[in-house]
Amino acid sequence: MTTREKYVPLVIRISVAFLFLLSAVAKLYPSPYFAISTFEVKQLYPLGFSEMVAPYFSRILIGIEFALGILILQKNYLRKLIIPATFLMLAVFTTHLSIVTFQDGGNSGNCGCFGSLIPMTPIQAILKNIVAMVLLVILMKVMPKKDESKSNFWVLSTTTLAFILLLFMLAPIQPKSNFVDVTGTEPEETTPIETVAPIKTDTVVKAIKADTLKKVVAEIKDEPLQKKSGYSSYFASIDKGRKILCFFVPGCDHCRVAAKELTEMKAKIKNFPEIKIIFMNEEADLIPEFFQFAGAEYPYKIIEIIPFYKLMGSGIDTPGVKYLWNGNEIKFYYGITDKKFNAAEFKEWVQKPYAALNKK
């Protein structure tokens, strides 16, 4: 056996194994449950995974990453199964990243391949995966061929199952009853029908009259009736008057541009709505730099990644700009595709009277 046949395959196997193990370990940083939950919210929920399926799929996926990182260093079914499976996983990841990058039309943010341990843009991740796939193709060509008919399949299955179980042990799936909603209150309990006291007719009439009176007053003032938006736990006055609530990530270029456009708009329009910002707790140290780019500072709160995305809504991404009036959602821009923030259009929205907005 020549030096090339002996050492080149070994170097490639160690390199690819290192990438897979690093990727799996990084997805558990800084703590397994928090990191995996972040991975689910940022990577799986946008793909349509439900809150019931995502926790299981994420742990299985990371467990398989761990297993492949180990199995590519052993000899059982290496050529027939392990190398093709490793190549296939890289190809799937690369295809997904390519589609997302093309649809979003940008290369900003952390793709999550190495979690929050090593931030990596989608393009960087795609290039990394392509290099790994090229290495696997070279490995198939230079690795000495051998009869794998006597390989032990139990090594593969036991290793894979062991790592998957390990992930479920490190980050147990929490029952839904342990969670509260984004406002920090438990869901309201329903009262059994048979225990509900009869409603008096005069009480109903008074309620209808009061509601009608509120509507008349609102119409005179040309504004919507006040309601609870669900954001009062972050900003006490958010449901009074006209407000702009923004969902931003400090290091997001698109978020910075939207904030700058709002600042420029505020300088030109009289009685511009108050601007409030909810920042996702990722690269929070960049907030001063964010405001410097925006040209002004605004009241803000910082919340963790999972509550942040739950607060925005399922399948919704940053930057988010929501126009509220007395707690009512008038307009909501989000993401960087068809629903993205449109400064020219938004300028019209904030200058229109409420009666005119209702006709849109």
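What share of the 360 residues in the chain is buried? In this predicted model, buried residues make up 41% of the chain.

Let us take the whole chain before its parts. The chain holds 12 helices and 5 strands. Its accessible surface comes to about 20,500 Å², and 61% of that surface belongs to carbon and sulfur atoms. The contacts tell us how the sequence folds back on itself: among those between residues at least 6 apart in sequence, 68% join residues at least 24 apart.

A single residue gives an example of such a meeting. Look for P32, which is found in helix 2, the stretch of residues 32-44. With a relative accessibility of 24%, P32 is not under the 20% cut-off for buried residues, so P32 counts as partly exposed. Setting aside its neighbours within four places in sequence, P32 is in contact with L170 and A171. P172 is 140 residues away from P32 in sequence, yet their C-alpha atoms are 9.2 Å apart in space.

Now move along to a pair of helices. Helix 8 spans residues 253-268 and helix 11 spans residues 343-351; they pack at an angle of about 40°, with their axes 11 Å apart. The two helices are therefore oblique to each other, and helix 8 passes helix 11 in a right-handed crossing. On the helix 8 side, the contact is made by E261, L262 and M265, while helix 11 brings A343, F346 and K347. Sorted by class, this contact has 4 nonpolar residues, 2 charged residues and no polar ones.

Methods. Residues are numbered from 1 along each chain as its sequence is written. This is a predicted model: local features need pLDDT of at least 70, side-chain atom pairs count only at pLDDT 80 or more; totals for chains, interfaces and linings use all residues. Side-chain values use heavy atoms; hydrogens and water are left out. Axes are lines fitted to C-alpha atoms, for helices over the stretch in contact, and angles run from 0 to 180 degrees between N-to-C directions. Helices (H or I, at least four residues) and strands (E, at least two) are DSSP runs, numbered from the N terminus. Angles under 35 degrees count as roughly parallel, over 145 as roughly antiparallel, 65 to 115 as roughly perpendicular and the rest as oblique. A crossing is left-handed if the near helix is turned anticlockwise from the far one by less than a right angle, and right-handed if clockwise. Contact means heavy atoms within 4.5 Å. Ala, Val, Leu, Ile, Met, Phe, Trp, Tyr, Cys and Pro count as nonpolar, Asp, Glu, Lys and Arg as charged, and the others, Gly among them, as polar. Buried means under 20% relative accessible area, exposed over 50%, partly exposed in between (1.4 Å probe, protein chains only). Accessible areas come from the Shrake-Rupley method with a 1.4 Å probe; for residues, only the protein chains shown count as cover.
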